[in-house]
Amino acid sequence: MSGLLEILLNVGDDILGALWKGWAIKDARWLGFGDPHQLLFIVVIMYRRLALASSLLAVASAQQVGTNTAEVHPKLPTQKCTGNPGVCTTQQTSIVLDSNWRWVHFTGGYNNCYTGNTWACTGTGLQCAQQCALEGADYSGTYGITTSGNALTLKFVTGSNVGSRVYLLQDDDHYSMLKLKNQEFTFDVDMSNLGCGLNGALYFSEMLADGGKSQYASNAAGARYGTGYCDSQCPHDIKFISGEANIDGWTGSPNDPNAGAGKYGSCCSEMDIWEANKNAAAYTPHPCTVTGPYRCSGNDCGDDANRYGGVCDKDGCDFNSWRMGNQDFLGPGKTINTNSKFTVVTQFITDDGTANGELVEIRRIYVQNGQVIANSNVNIPGIPVGNSITDSFCQVQKTVFGDTNSFADKGGLSKMGDALANGMVLVMSVWDDHAANMLWLDSNYPTDGDPSKPGYYQCY
């Protein structure tokens, strides 16, 4: 139940000469650790235009600000590279803890505004936001979050705290907004100790650069305190959305003493680069019909039986090698051997080879032990052989699996490309899944389905 992620974000041209000759990855460190509930990221970020001629095979906004604990963002320097290979500059980036994990207390003292999974404040959502303040975080002591150089460590359990979610900051008050059309994203990962039921996730969400601070007068905290989260699941467990407390209809979770759900959800497009443990991995675009963070209610949230009636594609169009018919590709001792480190490359291909073009394909490539390895090919009857995500792949996949093609209904790759062009926030987290126990990633799901049907898994 532990894991090691080493991340290199690479966006650019001449990627063969730059990346695989080692100028980017030579500074990545191979780190081990003893804590069995710990996940570690090593991050280097580089920007360069993606040249298609190169071939690797050849809103959860919060309110007032507390003064009890100073908010000091752990430094996580990254690199920005442009032009010729190796022309890089160090960016003084840092990370910030999501506001949902923070202590929330009344502004006039230190009594809790929220305890366990229950609100103590009264009145409307706006009035509650005005009464309550977010405190600075003790990153290492309370949350088990530490950085060292370009390494980020996330402990899954620290005291009574479980999991965490952090964002990359460009400066203390703004998230780093990454625009990935016609770009490439690369990271190294060691999943050898991250078992079934856990998810070491790295993904992008279409959040606002300042966390909504300039848009909502009641949000004095902004990105500095990790506000403004949204994703394609339109989560209802976000405590503050659009500058107001999500207090209306709030109900404590029956299986999580620290969580609950309110009337509103926080929706936006999401690009999952890596949702994985040592037995399974998926990359998945999730477009939404809305642009940027959207506070949903009612049908727009797409809850329960209305899953496909909301503004976001909750299912996404995923490529998971096991689900796509190759059980020997990724896992302990397999082609991509998750017992040791490997490199994951994701390319966002446009129709004209520029950042202004339309997103038409998302490619996945791996490198391990110096060998470039193509993504596994589809091995499902009725689905043409291929190893990347395109609109046509998604259409056929949904038909063969008997799934609703919400991906196309919500705009497909074109709409996902719009979000990538607008700029998205890098999110890193380690989490478990109270709702479905991560079965959708690495086991039989739904549990009453037919295990012989394509798309099911067997966890080790």
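**Burial and disulfides in a predicted model**

Colleague: Why does C132 count as buried?

Modeller: C132 has a relative accessibility of 0%, and since the word buried is used for anything under 20% relative accessible area, C132 counts as buried. Please keep in mind throughout that this is a predicted model.

Colleague: What makes C113 and C132 a disulfide?

Modeller: The sulfur atoms of C113 and C132 are 2.0 Å apart, and a pair of cysteine sulfur atoms within 2.5 Å is taken as a disulfide, so the two residues are joined by one. In general, such a link is a covalent bond between the sulfur atoms of two cysteines.

Colleague: Which parts of the chain does the pair of C113 and C132 tie together?

Modeller: C113 lies in the loop between β7 (104-106) and β8 (114-115), while C132 belongs to strand β10 (residues 132-134), so the pair ties together parts that are 19 residues apart in sequence. C113 is buried as well, because its relative accessible area is 0%, which is set against the limit of under 20%.

Colleague: Why is the disulfide of C113 and C132 called left-handed?

Modeller: The torsion about its S-S bond is about -95°, and therefore the disulfide of C113 and C132 is left-handed. For C296 and C301 the torsion is about 110°, so that disulfide is right-handed.

Colleague: How do you know that C296 and C301 are joined by a disulfide, and what makes C301 buried?

Modeller: From S to S, C296 and C301 are 2.1 Å apart, and as the cut-off is within 2.5 Å, the pair is a disulfide. C301 has 1% relative accessibility and therefore counts as buried, and C296, with a relative accessible area of 0%, is buried too.

Colleague: How many disulfides does the structure hold, and how far apart are the sulfur atoms of C234 and C267?

Modeller: The structure holds 7 disulfides, and one of them is formed by C234 and C267, whose sulfur atoms are 2.2 Å apart. With 125° about the S-S bond, the link of C234 and C267 is right-handed. C234 is in the loop between β19 (198-205) and β20 (240-241) and C267 in strand β24 (residues 265-267), so that distant parts of the chain, 33 residues apart, are linked.

Colleague: What makes Q397 buried?

Modeller: Q397, found in helix α4 (residues 391-401), has a relative accessible area of 0%, and it is therefore buried. Leaving aside its neighbours within four places in sequence, Q397 is in contact with C317, D318, R323, M324 and I383.

Methods
Residues numbered from 1 in each chain as written. Predicted model: local features only at pLDDT ≥ 70, side-chain atom pairs only at ≥ 80, totals over all residues. Heavy atoms only, no water. Helix = DSSP H or I, 4+ residues; strand = E, 2+ residues; numbered from the N terminus. Buried < 20%, exposed > 50% of the residue type's maximum accessible area, 1.4 Å probe, protein only. Contact = heavy atoms within 4.5 Å.
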